[in-house]
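Keep the structure open as you read.

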Amino acid sequence: MKRKNSVLSFAGVVFCLLLLLLFNKTFDSYKMRIFNLCAIYITLGLSLNLVNGFTGLFSLGHAGFMAVGAYTCALLTLSPANKEMNFFLQPILPFLANTEWPFFPALLVSGLCAAIIGFLIAAPVLRLKDDYLAIATLGFSEIIRVIFTNTQRLTNGALGLKGLPNYTNVWWSWGVAALTIVFMIRLMRGSYGKALKSIREDEIAAEAMGIDVFRHKVISFTISSFFAGIGGALLGHLLGTIDPLMFRFLLTFNILLIVVLGGIGSITGTVIAAIVVTVLMEVLRVLDSSIDFGLFVMKGIPGLRMVIFSALLMAVILFYQRGLMGTNEFSWDSLGKRLRRIKKRGPK
Amino acid sequence: MKKTCTLLACGLLILAVFITGCSKDEGKEAEPEVIKIGVFEPMTGANAAGGAMEIEGVELANKLYPEVLGKKVELVIVDNKSDKVEAANAATRLVDKDKVTAIIGSWGSSFSMAAGPIVQNSQVPTVGASCTNPLVTKGNEYYFRVCFIDPFQGTVMANYAYNELGARKTAIVQEISNDYSVGLAKFYTDAFKALTGDEKAILGVANYNTGDQDFTAQLTNLKQLNPDVIFAPGNYTESALLVKQARELGITIPILGGDTWEAPEFLDIGKAAVEGSVFSTFFTTEVPITQESEKFLEEYRKAYGKEPASVTALGYDAYLVILDAIKRAGSFDRVAIRDAIAETSDFPGAAGIISLDENGDAVKSAVIKQVKDGGFVYLTTVEPIK
């Protein structure tokens with residue numbers, strides 16, 4: 001049974017790779033952009049899920065860590081000529097003026113920077129619980145944004161940066177997403193993952209069993225910030241421009257939406273929800289323009305797309321109260337069981 | 001059972017959406033005698049009001065000038081949700097899916113910047129209406145705009161303060177989280193220093209954030225410096241509160257601002273306190289600048305029954321500039337249209353005579369207005385520095 005499953009998994013991975021190749025060949029840049037966004041949101045969703053879902057800490061600071069990652073990566077990879085163009089109000093700090101790194105090290109450093117900030121914030125903030133933790137992390141993410149707005153010579157302030165090289169392609173975005181998925185699965189299966197889940201279920205019981213609660217929380221928070229930083233950097237390089245206003249708390253809520261919709265504490269759920277939300281937002285665009293029903297033409301109402309999107313969200317949450325997947329994960333065994341059940345029901 | 005039924009209903013709803021979406025696309029292919037101009041604007045979210053005003057202008061222009069080179073012009077309007085990621089998606093959609101000939105947009109420089117690399121790579125000429133951040137067009141040969149940019153507006157106000165008000169010392173209050181305000185303050189500073197020849201002509205700069213309510217700390221500090229005039233560009237809500245609080249603190253010197261002040265909210269919040277405030281803007285309804293302005297004013301009042309905002313006139317102009325370029329290019333080739341737009345000079349638009357400089361920014365006259373008796377009154381027109 002186990003052997004059969006790993007063969008199936010291997011086949012699944014090969015199938016996904018082929019699919020990537022196929023999409024890379026056939027998609028135009030519009031579909032490609034949506035496809036890349038799906039992968040970036042998977043990375044971001046999984047990193048938030050690690051804290052909110054698996055460790056049970058309600059954090060709302062994700063946008064702040066994304067901002068740290070995006071700005072670090074942008075400042076490291078921007079060419080000196082582009083930097084000069086961007087910083088026309090005040091010159092850039094001299095030590096950054098001539099750095100032009102390749103993408104990979106810049107991406108790693110941006111993740112590390114976000115992780116360091118996450119680590120520093122974790123120490124005071126994680127003494128709080130529930131709503132208070134949410135407020136404190138939200139506050140910290142806003143502080144990061146306000147600092148970036150005011151450091152004119154480091155981040156170009158409210159003007160933002162443009163001309164970021166378009167490094168984010170299907171291999172980077174989906175490569176990072178796949179790595180994140182594998183990392184999260186390995187982490188959750190190991191002793192750290194079990195410890196994190198036990199903290200989520202009952203902190204006092206976990207402590208009684210000899211788990212260093214505070215240390216585990218800090219580790220979870222730092223890892224989450226690391227991936228948030230990398231996701232932010234990828235997003236910045238997909239857009240080619242960033243500014244502080246982009247990293248408002250609304251961005252955190254977009255990702256929180258993905259996590260909650262997929263199921264708080266489910267890797268599979270986050271992956272599914274990230275893809276569904278990103279694709280649905282674009283598909284529903286037809287609602288905004290005028291629709292020809294044959295008999296009559298309905299004039300487009302701007303914003304109708306958002307109404308339908310919200311209605312669909314509510315419908316899903318009403319029927320799946322714990323998100324699409326709850327805390328369940330995808331496995332070949334459960335899929336097999338489900339298929340067999342459908343088969344049994346079939347002939348009746 | 002109930003659950004399955006509901007799910008089925010949901011599924012059907014989505015399916016219906018897909019089908020209507022598809023059938024619409026087929027309908028479009030049946031009539032190739034149409035050229036498409038894409039418009040991406042914030043129609044939902046925080047900046048929806050601004051986007052709606054620009055769309056009014058573009059739609060009015062489309063109604064008055066529905067044809068070019070014998071082909072019907074169709075507008076494809078997409079929403080960017082006041083969100084940078086969505087703005088990039090919307091622009092890519094216009095380019096790849098709708099295959100538009102040119103693009104207009106967007107309110108908010110940040111969203112325009114997100115579309116920048118996309119229109120540049122796919123070579124679609126794009127004209128912004130009211131995005132004033134210099135970075136939008138800088139280094140992007142496919143992005144243009146029909147409004148003047150912060151350097152000019154800052155310079156205009158510095159000149160006004162120096163020549164008309166006889167000011168020699170200025171204090172500045174800027175909205176630090178707003179690219180527009182920061183840019184304006186910077187260029188005002190440069191111009192004012194050059195005019196007075198005094199490096200210390202700017203006595204102090206105070207900052208505030210978008211959404212702030214209390215400015216008494218900043219204003220008390222500035223009051224002690226004893227300036228001749230205060231320059232305070234920023235959002236209308238914050239600015240109105242700021243002027244109000246300044247008057248309450250006994251600051252009687254003139255307070256100057258930028259084009260964002262021209263909003264009914266500015267008067268509603270500020271009431272009597274904002275009387276006498278002076279600001280620069282693009283356009284005035286009192287003194288039509290060109291023949292096109294008269295036509296625009298008349299048609300707008302007829303269609304909407306109110307006075308147009310200046311960004312509406314700019315949206316109108318963006319459409320006209322593109323149409324004019326297509327006529328001059330004599331083809332629908334995007335690169336030819338781009339070259340024609342770049343050559344635009346002395347084009348009579350509704351909001352002034354437009355000439356585009358080498359960056360793709362409009363060089364045009366500015367209007368200075370004052371708040372008087374609870375309304376905006378035209379003071380003077382400032383010609384561009386060529």
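This is a predicted model: local features need pLDDT of at least 70, side-chain atom pairs count only at pLDDT 80 or more; totals for chains, interfaces and linings use all residues.

Q: Which residue stands opposite Leu356(B) in E14(B)?
A: Start with the strands. Strand E13 of chain B covers residues 352-356. Two bridges join E13 to E14(B), and the two run antiparallel. In E14(B), the residue opposite Leu356(B) is Ala362(B).

Q: In what order do the three strands of the open sheet that holds E13 lie?
A: Strands of a sheet pair through backbone hydrogen bonds, either parallel or antiparallel. Here the pairing is antiparallel. The order in chain B is E12-E13-E14.

Q: Which strands of this sheet stand at the edges?
A: An edge strand here has a single partner strand, so one side is left without a neighbour in the sheet. That holds for residues 347-349 and for residues 362-363 of chain B. These strands are E12 and E14.

Q: Is strand E15 of chain B largely enclosed or left open by the rest of the structure?
A: Buried means under 20% relative accessible area. Strand E15 runs over residues 366-372, and five of its seven residues are buried. Therefore the rest of the structure leaves E15 largely enclosed.

Q: Which residue of E15(B) stands opposite Thr281(B)?
A: Strand E11 of chain B spans residues 278-281. Four bridges join E11 to E15(B), and they run antiparallel. Opposite Thr281(B) stands Val367(B).

Q: How many bridges pair E15(B) with strand E16 of chain B?
A: Strand E16 covers residues 375-382. E15(B) and E16 pair in the antiparallel sense, and the bridges number seven.

Q: Which residue in the hairpin of E15(B) and E16(B) takes a positive phi?
A: This hairpin has two residues between the strands. The positive phi is near 50°. The residue is Asp373(B).

Q: How many helices and strands does chain B have?
A: Now step back to the whole chain. Its secondary structure comes to twelve helices and 16 strands.

Q: Why is chain B described as compact as a globular protein of its length?
A: The globule rule gives 21 Å for 386 residues. The chain comes close to that, so it is as compact as a globular protein of that length. Its radius of gyration is 23 Å.

Q: What share of the residues of chain B count as buried?
A: The C-alpha trace spans about 70 × 60 × 40 Å along its principal axes. Chain B exposes about 14,900 Å², with 53% of it supplied by carbon and sulfur atoms. Of its 386 residues, the buried share is 57%.

Technical notes. Residues are numbered from 1 along each chain as its sequence is written. Chains are lettered from A and ligands numbered from 1 in the order in which they are written. Side-chain values use heavy atoms; hydrogens and water are left out. The radius of gyration is taken over C-alpha atoms; the globule rule is 2.2 Å times the number of residues to the power 0.38. Buried means under 20% relative accessible area, exposed over 50%, partly exposed in between (1.4 Å probe, protein chains only). Accessible areas come from the Shrake-Rupley method with a 1.4 Å probe; for residues, only the protein chains shown count as cover. Two strands pair if DSSP finds at least two bridges between them.
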